[in-house]
Amino acid sequence: MARTAARRAPPTTIESSRDRERLRTVVFPEHSDLAAAVAERIVEVIHRETRAKGRTVLGLATGSTPLGVYEELIRRHQAGDVDFAHVITFNLDEYYPMAPDSPHSYRRYMWETFFAQVNIAKENVHIPEGVTPRERVAEACAAYEEAIRAAGGIDFQLLGIGKTGHVGFNEPGSDATSRTRIVTLDTLTRKDAAADFFGVENVPREAITMGVATILDAKEIALLATGEHKAAIVARAVEGDISTDVAATFLQRHPSVTFYLDLPAAAELTRIKTPWILEGVEWTPAMVERSVVWLAERSGRAVLKLSARDYAENQLSPLLARAGSAGPINGQVFNRLRDKIRGRAKLPAHERVLVFSPHPDDDVISMGGILRKLWENENAIVVAYMTSGNIAVFDHDVTRHLDFVERAARSLGLDASAVQRARDTVNAGMEQKAPGEIDIPVVQNLKKFIRESEAIAALAAVGIPASAARFLDLPFYRTGEVRKRPLSDEDITIVQRLIEEVRPDLVFVAGDLSDPHGTHRTCKAAVERALERYAAQKPEVWLYRGAWQEWSLTEADVLVPLSQDELNALRRAGVLAAGGGQEFGDRGARRPARAARVLRDGSLCNSTRLAVRRCTAHCPFIMLAPHSPFLGGGPTDERFNYQSIEFGDRCGPVGRHLPFRQGATAALARPRGSRLLRGRGQRRDGTAEVCTRFGVWSRLGAAVCHRVDRARPE
């Protein structure tokens with residue numbers, strides 16, 4: 001096949017001023033474009049260097065980030081576009097100690113994910129040995145350096161970046177002169193790897209890594225970063241000063257370095273986060289909203305309390321000059337945020353809803369509140385758990401469940417001896433397994449059943465019956481280890497059959513693609529490809545986030561209010577879905593604090609997004625009716641009797657006594673034995689006016705906050 005047949009169209013990148021960036025960055029709106037662009041560059045280097053000197057030397061990295069690059073290189077090789085027969089490779093690092101056949105070995109990783117599927121010669125592959133006797137490690141490291149020099153040096157070095165800013169395993173404290181050596185891993189690095197090893201206690205404390213100087217000797221360097229969890233360290237490496245605290249900053253000294261980033265990983269770069277600081281921008285409503293919310297966060301003020309001085313002191317004078325004063329800008333953004341809020345009455349009702357959850361907890365952690373409201377709206381709901389999630393279950397959980405079965409055997413009419421034999425088999429399998437190794441099949445199944453029972457309990461906690469659950473157990477996940485198989489036609493067919501069975505009007509898909517193991521991204525791809533094959537009328541597709549990533553307040557288009565009772569139910573559901581883990585139970589309720597700081601209403605907000613320009617959110621969020629935290633009122637009177645207030649289900653224009661009049665709404669409250677609230681009654685058009693006598697409007701705000709579940713937008 002001709003080389004051009006394997007190539008894709010040039011990917012789209014985000015271009016803007018790079019004034020604060022100390023090395024080259026390329027930002028891709030689409031994650032898949034990043035892998036294709038890097039693979040294309042590697043192919044170009046292989047062609048160039050092989051023609052020039054008969055061989056190409058590549059420095060390679062491991063982890064989840066470069067997987068897409070390796071998959072694209074395999075595709076290009078199979079299409080006849082690139083030949084690896086004259087390619088020599090040197091990997092960055094390896095855990096120490098680490099057996100080469102361990103599921104955690106980088107040697108095994110490279111052969112399974114890449115080398116075995118291209119025509120590279122085994123003798124041309126170099127990976128640090130994780131089984132070298134300790135007394136010979138220094139000698140082996142020196143030999144690794146010599147092998148690189150003997151090959152003519154590295155032509156193209158591929159890197160990732162850790163949360164500590166490490167490249168390879170060059171942790172904080174590494175200097176620019178360091179060479180291949182054994183290092184002690186940072187605590188944060190080990191915690192990040194804990195899921196791969198089924199517990200931080202199983203993560204090796206040391207590793208063998210190329211040094212900073214070794215990396216900088218490469219002729220060209222490409223660093224890949226994806227996901228919002230890398231955004232802060234990427235910005236530090238790109239825009240910060242060179243420091244031994246962040247090894248990646250030493251890359252600023254190299255003449256040919258490119259950071260390849262997806263949009264979430266680039267989110268903290270100045271040109272992405274606050275482009276108006278670097279250059280003139282088009283002040284679209286969305287850009288105005290972004291800038292004002294950023295200003296509110298930066299200044300610690302509510303949107304409606306931002307002043308002209310706040311704008312001027314934070315490099316937003318062009319926006320201020322365009323509007324003339326702060327008030328109109330504040331009001332515009334306030335109204336945009338307010339208009340995103342929808343109560344239960346404005347959510348879908350009497351429709352078929354299909355929710356895809358990558359693991360048996362993503363649904364309730366990320367959108368448990370909206371699930372409950374959708375069920376209350378009499379929608380026919382099916383929740384499809386796409387993978388078993390069994391690798392997240394600890395051995396002691398299996399032991400606890402088996403202990404229950406053994407004790408309950410007689411009451412359940414089970415053969416006690418058969419139960420004991422089964423338990424002995426399971427115990428033997430777990431005892432013979434080294435930490436982090438793959439479970440025997442029966443244990444994998446038991447862990448799958450534990451996750452299924454937790455998922456059903458979590459659904460019950462948000463009011464949804466067990467009959468709504470479907471467990472797809474997609475084949476790509478069934479490896480028994482963190483590393484998964486590529487998405488296959490079998491996976492897509494399973495999803496397609498469910499869609500054809502349910503015939504949904506609305507589909508929810510997990511959109512938090514920062515999952516470090518890639519399961520969320522693979523599951524999303526499975527749904528998208530299944531929908532492409534779906535012949536009937538296409539459903540609306542909504543993305544939700546929460547487990548690994550969240551939509552910002554400005555990205556979300558719709559926010560759905562939750563009451564405190566609903567919030568408590570969501571927390572309980574999260575605990576159940578995570579097998580009693582309070583951290584996961586709190587996650588859905590804890591993440592939204594960012595919006596609370598912007599809106600200053602004492603509530604929380606957690607948002608989700610809809611594909612194709614429409615969004616939804618489940619969020620413990622306060623209605624944006626005018627009340628004291630927004631409008632500058634005093635603190636809520638703790639003696640105020642919240643229970644004396646009953647809310648109507650109408651909203652309307654604010655009465656003339658309220659400080660903020662234009663474009664706002666107020667909840668209609670009527671007194672129930674309380675002299676603090678004095679309703680003026682209904683206008684002819686049925687809307688409400690609320691008296692502010694005795695400063696009551698601040699009390700009204702407190703009441704709205706407390707009983708938001710009974711207040712509905714107009």
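The legends below describe close-up views of a predicted model. Local features need pLDDT of at least 70 and side-chain atom pairs count only at pLDDT 80 or more, while totals for chains, interfaces and linings use all residues. Residues are numbered from 1 along each chain as its sequence is written, and side-chain values use heavy atoms, with hydrogens and water left out.

**View 1. Edge-to-face pair of Tyr 95 and Phe 197.** The structure holds 15 aromatic pairs (Phe, Tyr or six-membered Trp rings with centres within 6.5 Å; planes under 30 degrees apart are stacked, over 60 edge-to-face, the rest tilted). Here the ring centres are 5.2 Å apart and the planes stand at 85°, so the pair is edge-to-face. Tyr 95 belongs to strand E4 (residues 93-96) and Phe 197 to helix H7 (residues 194-197), 102 residues apart; helices (H or I, at least four residues) and strands (E, at least two) are DSSP runs numbered from the N terminus. Both Tyr 95 and Phe 197 are buried (under 20% relative accessible area, 1.4 Å probe, protein chains only).

**View 2. Stacked pair of Tyr 106 and Phe 169.** The centre-to-centre distance is 6.4 Å, with 15° between the planes. Tyr 106 lies in helix H4 (residues 106-113) and Phe 169 in the loop between strands E6 (156-159) and E7 (181-184), so the pair ties together parts 63 residues apart in sequence. Relative accessible area is 13% for Tyr 106 and 4% for Phe 169.

**View 3. An aromatic cluster.** Tyr 70, Phe 84, Trp 111, Phe 114 and Phe 115 form one cluster.

Note on methods:
Buried means under 20% relative accessible area, exposed over 50%, partly exposed in between (1.4 Å probe, protein chains only).
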